[in-house]
Amino acid sequence: METVQCRSVADVVDAIKRGGRVVPRGGGHCFVDRPADVVLDLSGLKSIDVRSDGVATIGAGALLGEVYRELHAAGRALPAGCGTTVGIAGLTLGGGIGLVGRKYGLTCDRLIGARVVLADGSVVECDDEREPDLFWALRGAGGGQFGVVTEFRFDTVAEPMLTRIAADWPADEPETVIAAWQAWAPDAPDDLTLNLTIDGPRAVLIGASLLTAEPTRALLAEFADLIGTPVPFELRAGVPLSTVKASFAEATREEPPRIRSEFFEQSLSDDVLHELVGTGRLAFTAMGGAYNRIAAAATAFAHRNQRFLLETANDRSWSLAHADGSGRVYPNFPNLSLADGPAAYHGENLARLRAVKQAYDPERFFAFPQAV
Ligand SMILES: Cc1cc2nc3c(=O)[nH]c(=O)nc-3n(C[C@H](O)[C@H](O)[C@H](O)COP(=O)(O)OP(=O)(O)OC[C@H]3O[C@@H](n4cnc5c(N)ncnc54)[C@H](O)[C@@H]3O)c2cc1C
């Protein structure tokens, strides 16, 4: 396998024209190995330019830490994930879930255009007017399927000041904590996101609120009331989004690999919850809010009616939870053991995605197991 360092669009075009199975690499964090003859290392395409109207043009090799830092310098931000070394490319192409997404949507919901090198080596600009089907497919179907994006254009938001939320305590009754979380966090006001991890005897909450400390505390008290015991919340108000992200990236750096995950349209039943607790680490991410106000067909990201995402640490806990799951899987958390990956990743958008694939890559130059 050869790795080609790309520093320009022309380098990408040259590499594609040479043929072989080409796999682009942004941050390099894909959860599965995608077989390749040639890896296109895009880390040389890192430029980040922010216009006065807030439109940011970001090279496909930029990492989230770099994106947050440069946008912060311009007073702007994007809703995106926490890991500082995650690539903006892979994250955006698969969706992009983060701590202010319930307010501002997925990262791909802020995408307004992209430059793409297609399988035949041609270079196209796409947006709502130009190559609209390709632009639709780039927003949430997962990377590496339709072409190599060299540049993304985003409509950024003014960087919000957040109240950072954290809690870490020995939970004697993890079932009660999960039951309270799943009843409350997916319906919380858009301004507040609270994610839960149960890891052995500990319950860990991380979150962010666009409200100041007092209203945030009042909302969190509703959640603690459902549990019935106090939760030792630590709140830090007036923190820029970029700082909150960096602080949680530090805290989650040692995360074990996500082994299996699924979306849930409804809460886990009491019986499933009872069996699930004690089977390994469980990480719950709240959906709802702005994520779900966009129609499933409006972008390629099909999972617009889900309450939460659950990451499980092993096959046993995944199959227990799956009894209540929606069968939908986040394209950015691929898993090769899914019985029907494309249906799980794309739901009702699969047929249109296959038509886009046929139009833009009929020879399946960009191909890997579970591609559309
Ligand atoms: C520590 C950590 C934290 C994470 N946190 C979050 C989170 O908070 N929220 C969230 O939503 N996800 C999160 N993820 C998952 C993350 O979104 C995916 O792993 C994502 O695919 C990584 O993108 P990448 O560019 O780093 O990886 P890559 O492996 O470089 O790319 C992923 C896929 O996209 C393709 N691709 C890459 N660049 C391009 C391009 N320019 N054009 C076309 N295709 C391309 C690749 O071929 C590959 O198939 C996290 C992952 C890790 C490891």
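Leaving aside its neighbours within four places in sequence, with which residues is Asn 332 in contact? Contact here means heavy atoms within 4.5 Å. On that criterion, Asn 332 is in contact with Phe 31, Gly 90, Leu 91, Gly 94, Gly 95 and Gly 96. The structure is a predicted model, in which local features need pLDDT of at least 70 and side-chain atom pairs count only at pLDDT 80 or more, while totals for chains, interfaces and linings use all residues. Residues are numbered from 1 along each chain as its sequence is written, and side-chain values use heavy atoms, with hydrogens and water left out.

Asn 332 is found in the loop between helix 10 (315–322) and helix 11 (341–346). Helices (H or I, at least four residues) and strands (E, at least two) are DSSP runs, numbered from the N terminus. With a relative accessible area of 18%, Asn 332 is buried; buried means under 20% relative accessible area, exposed over 50%, and partly exposed in between, with a 1.4 Å probe and protein chains only. The side chain of Asn 332 takes part in a polar contact with the side chain of Tyr 330, at 3.0 Å. A polar contact is a pair of N or O atoms within 3.5 Å; within protein, one must be able to donate a hydrogen and the other to accept it, and residues adjacent in sequence count only if both atoms are side-chain atoms. A polar atom of the Asn 332 side chain also lies 3.0 Å from the backbone oxygen of Leu 91.

Tyr 330 is also one of the residues closest to the ligand, together with Pro 24, Gly 26, Arg 34 and Ile 97. In total, 31 residues surround the ligand, where a residue is near a molecule or strand if one of its heavy atoms lies within 4 Å of it. The shell divides into 16 nonpolar, twelve polar and three charged residues. In this division, Ala, Val, Leu, Ile, Met, Phe, Trp, Tyr, Cys and Pro count as nonpolar, Asp, Glu, Lys and Arg as charged, and the others, Gly among them, as polar.

A nitrogen atom of the ligand lies 2.7 Å from a backbone N or O atom of Ile 97. For Val 149, a backbone N or O atom is 2.8 Å from a nitrogen atom of the ligand. A polar backbone atom of Gly 28 is 2.8 Å from an oxygen atom of the ligand. The ligand taken alone exposes 960 Å², and the protein buries 90% of that; accessible areas come from the Shrake-Rupley method with a 1.4 Å probe, and for residues only the protein chains shown count as cover. Two or more residues of the shell come from each of strand 2 (22–25), helix 3 (88–94) and strand 9 (148–155). Helix 3 gives the most, with four residues.

The domain assignment of the protein chain gives domain 1 (2–158) and domain 2 (161–345), with bounds that come from an automatic or database domain assignment. Each of the two domains supplies at least three residues to the shell around the ligand. The centres of domain 1 and domain 2, taken over C-alpha atoms, are separated by 26 Å. Between the domains, 35 residues of domain 1 are in contact with 45 residues of domain 2.

Ser 209 is in strand 13 (residues 202–209). Ser 209 counts as buried because its relative accessibility is 0%. Its side chain makes a polar contact of 2.7 Å with the side chain of Thr 216. Beyond neighbours within four places in sequence, the residues in contact with Ser 209 include Met 161, Leu 162, Asp 191 and Leu 192.

Most residues other than glycine have a negative phi. Glu 131, in the loop between strand 8 (123–126) and helix 5 (132–138), has a positive phi, near 45 degrees. Glu 131 counts as partly exposed, at 30% relative accessibility. A positive phi, near 75 degrees, is also found at Gln 370, which lies in the segment after helix 12 (350–360). Gln 370 counts as buried, at 16% relative accessibility.
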